[in-house]
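Keep the sequence and the 3D view open side by side.

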Amino acid sequence: MIQLTDEQQNLINTAVKWYFSAESGQVFQYSAPAGAGKSTVMHAIIEGIGLDDSEVAPMAYTGAAAIVMRINGFSNACTIHSWLYTLEESSVLDESTNKFKKKHKFVYRGISPAIYRLICIDEASMVPNHMLQDILRSGIKVLVCGDLNQLPPVNDNPAFLYNGEVHYLSKIMRQAEGSAIVELSRKILNGMDLIPGDYGEVVVLTQSDFNKYMNQIISSNDIVICGLNSTRDNLNNLIRTEILGKHGTLPKLGEKIICRKNNWTIDVDGINLANGLCGTVKSNPDISNFNKGGIFEIDFTPDLFPYITFSNIKCDYKYLMADSKTRREMKTFNSPLYRPNGEKFEFGYCITTHLSQGSQYKRGVYLQEFMMGGRDINIHLNYTGLTRFREFCVFVVPDRRVYVPIVKHVVTLNKEFV
């Protein structure tokens with residue numbers, strides 16, 4: 001039986017009172033660090049209000065975060081897009097070709113107050129501000145939780161947790177006491193450097209020691225998380241070709257890939273094909289359309305939810321083969337390199353910290369890279385990276401002689417971290 005802390009019980013009581021008070025606001029917000037039980041508290045609030053699961057609309061901004069909600073007991077959790085919008089298709093005349101082409105537009109559908117009595121949003125710090133008004137339009141009360149120690153949205157202000165009244169949890173649940181992941185994450189938040197050593201669920205290694213045993217470490221873990229796109233590109237190539245012995249440019253059956261562009265038109269059981277969704281190739285690539293724009297087809301299953309499969313996904317080969325800078329241009333609408341055709345996938349043996357946010361992994365490697373941009377950014381990056389892992393993490397720190405920023409140029413949050 002889960003034992004709640006006094007702090008958690010007080011927050012639950014406050015939230016239940018908020019729900020039944022006619023004078024309270026529409027939104028109740030709370031933030032909790034790793035190990036403080038934010039999902040446990042959300043379930044307890046729903047129970048305290050007296051709602052059935054069928055009366056609750058659980059949601060998250062990304063597909064990965066929605067899957068984690070399902071794992072944590074919210075069986076009907078979906079992305080915010082799936083809950084709020086319907087897709088309309090129309091034909092538009094392209095004057096340059098004098099041909100009609102399909103155009104998709106999302107139309108606000110909303111959530112019926114006659115059916116749903118509470119909206120629950122997890123990983124709320126990731127929700128961009130431009131979605132706020134649509135979330136609130138139904139008038140249904142909104143319970144949001146997240147972790148302010150993680151990273152904010154990219155290219156927009158956050159919709160929640162950074163404004164208004166926010167409640168906080170700080171005490172670690174008894175079930176999480178003694179967890180090295182939780183304990184070391186707290187040290188990171190306090191600005192402490194992690195000292196190399198074996199802490200149980202976390203092994204801290206220097207970069208030199210990691211390099212010596214890289215093949216064995218990577219082969220026995222699920223994923224590598226790093227800071228920079230350049231590091232990610234290099235490691236994906238090294239892991240795939242030299243460590244795992246994969247050859248050829250197309251992803252093959254069983255390979256790890258990650259979706260890098262939202263396509264809210266593709267939906268399987270309420271999970272959208274969304275940016276940051278990691279998974280496994282479930283079919284060898286079909287290249288029957290390869291000469292028509294470099295499109296290959298695969299089946300794709302998210303790692304966190306192996307019971308659903310996105311079938312016959314049309315992927316952009318040129319995007320897959322480009323470097324990080326070119327890939328950004330290929331996704332930017334006003335760029336001359338913009339490519340609207342094909343879904344944007346990359347190899348997913350190594351991903352950036354920003355892409356990992358909202359996801360969870362059993363075990364993996366986190367490479368600490370110092371970024372220009374301030375001490376707080378580095379603290380949030382390292383905290384987010386470490387807390388992505390549930391069971392085990394190899395945390396790699398720079399050698400002491402290079403405990404200075406390893407990036408000589410100024411980087412921006414939006415371009416280098418994502």
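Leu161 counts as buried, because its relative accessibility is 3% and the cut-off for buried is under 20%. This is a predicted model. Leu161 sits in the loop that runs between strand S7 (142-146) and strand S8 (166-168). Its backbone deserves a look too. Phi of Leu161 is near 75°, a positive value in a residue that is not glycine.

Now go to Glu123. Phi is positive here as well, near 50°, and again the residue is other than glycine. Glu123 belongs to the loop between strand S6 (118-121) and helix H5 (132-136). Is Glu123 buried or exposed? Its relative accessibility is 8%. The cut-off for buried is under 20%, so Glu123 counts as buried.

Where does the chain place Ala114 relative to Glu55? The two are 59 residues apart in sequence. In space, their C-alpha atoms are 9.2 Å apart.

Next, the sheet. Five strands make up an open sheet, in the order S17-S16-S15-S12-S18. The pairing is antiparallel. Which strands stand at the edges? They are strand S17 (310-316) and strand S18 (345-347). Each has a single partner strand, so one side of each is left without a neighbour in the sheet. Neighbouring strands of this sheet are turned against each other by 50° on average, direction ignored.

Strand S16 (residues 295-302) pairs with S17 in the antiparallel sense, over five bridges.

Now turn to empty space. Rolling a probe the size of a water molecule over the atoms shows where such space is left. How many cavities of 30 Å³ or more does a search of the whole structure find? It finds one. The largest cavity has a volume of about 40 Å³. Ten residues line it, and those closest to its centre are Arg232, Arg260, Ser324, Arg328 and Glu346. Helix H9 (229-243) and helix H11 (324-331) each supply at least two residues of this lining. The largest share, four residues, comes from H11. By class, the lining of the largest cavity has six charged, two polar and two nonpolar residues.

The second largest pocket is the last stop. Its volume is about 790 Å³. Which of its 30 lining residues are closest to the centre? They are Ala34, Gly35, Ala36, Gly37 and Gln360. Helix H2 (38-49), helix H6 (180-189) and strand S21 (389-397) are the elements that give two or more residues to the lining. H2 provides the largest share, three residues. By class, this lining divides into twelve nonpolar, twelve polar and six charged residues.

Methods. Residues are numbered from 1 along each chain as its sequence is written. This is a predicted model: local features need pLDDT of at least 70, side-chain atom pairs count only at pLDDT 80 or more; totals for chains, interfaces and linings use all residues. Side-chain values use heavy atoms; hydrogens and water are left out. On a 1 Å grid over the protein atoms alone, a cavity is a set of points where a 1.4 Å probe fits but cannot get out, and a pocket is an open set with protein on both sides within 12 Å along at least five of seven lines; lining residues have an atom within 4 Å of a point. Grid points are joined across faces, edges and corners, and a volume is the space filled by probe spheres set on the points. Ala, Val, Leu, Ile, Met, Phe, Trp, Tyr, Cys and Pro count as nonpolar, Asp, Glu, Lys and Arg as charged, and the others, Gly among them, as polar. Buried means under 20% relative accessible area, exposed over 50%, partly exposed in between (1.4 Å probe, protein chains only). Two strands pair if DSSP finds at least two bridges between them. Axes are lines fitted to C-alpha atoms, for helices over the stretch in contact, and angles run from 0 to 180 degrees between N-to-C directions.
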